[in-house]
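I opened this notebook to keep track of what I looked up in one chain, entry by entry. The structure comes first, and my notes follow.

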Amino acid sequence: RRPHIVIDDTGAVVSVNWSPPFEGPVSVSPDFVEAYYRAYAAFERMVDNSLPKEHTDIDPKLMKKLTDYAEKYTWERRLETGEIIVFNNARMLHGRRVYSFNGADVGDRHLLGCYTNLDDTLNRYRVLQREKHGEGSSVRNAGNGTCGLP
């Protein structure tokens, strides 16, 4: 059992564990059950912009803020045949929509996941980038893209 939101000693969020279909029973003190479910519902609306906005006990002003946040920070991409997406599972909250065509569920989809050691993957990425751009080139940090690496 992991908390939904993990923070470090400074209060910064370091990971989010969110997978409603795979959650076990709630494990909080009975005094916190109601507050837990209110927070759960609010967070769920913040990370899933497909949920209905009506029929909820969330204050309408808060609901607007949560849904606006979800709309602003949700990125959707339908992959075409032959495309892949690679991301750091611990750094990106991610999910999938139901697969449909004109509103009807259709066929099967092929989704393949894999895991790799981050150090090995980043090393290979940097080697390939240097081969492509030259030995003296700066390589973007694939971890969060915020800086170049020598």
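I took contact to mean heavy atoms within 4.5 Å. With that in hand, I looked up the contacts between residues at least 6 apart in sequence, and found that 25% of them join residues at least 24 apart.

Ground rules. I noted that this is a predicted model, in which local features need pLDDT of at least 70 and side-chain atom pairs count only at pLDDT 80 or more, while totals for chains, interfaces and linings use all residues. Residues are numbered from 1 along each chain as its sequence is written, and side-chain values use heavy atoms, with hydrogens and water left out.

Confidence. I read pLDDT as the predictor's confidence in each residue, from 0 to 100. The chain has a mean pLDDT of 80, with 83% of its residues at 70 or more.

Elements. I counted as helices the DSSP runs of H or I with at least four residues, and as strands the runs of E with at least two, numbered from the N terminus. The chain holds three helices and six strands, in the order β-β-α-α-β-β-α-β-β from the N terminus on.

Strands pair if DSSP finds at least two bridges between them; strand 1 (residues 5-7) and strand 2 (residues 13-16) do so in the antiparallel sense, over three bridges. Val6 stands opposite Ser15 in strand 2. Five residues lie between the two strands of this hairpin, where Gly11 takes a positive phi near 95 degrees.

Helix pair. I then looked up helix 1 (residues 33-47) and helix 2 (residues 60-73), whose axes come within 6 Å and cross at roughly 35 degrees. Axes here are lines fitted to C-alpha atoms over the stretch in contact, with angles from 0 to 180 degrees between N-to-C directions. Ala42, Arg45 and Met46 in helix 1 meet Met63, Leu66, Tyr69 and Ala70 in helix 2.

Loop and surface. Which loop holds Ile84? Ile84 lies in the loop between helix 2 and strand 3 (100-101), and Gly95 lies in the loop between helix 2 and strand 3 as well. Buried means under 20% relative accessible area, exposed over 50% and partly exposed in between (1.4 Å probe, protein chains only). Ile84 counts as exposed because its relative accessibility is 70%, and Gly95 counts as exposed at 62%. The C-alpha atoms of Gly95 and Trp18, 77 residues apart in sequence, are 9.7 Å apart in space. Buried residues make up 13% of the 150 residues in the chain.
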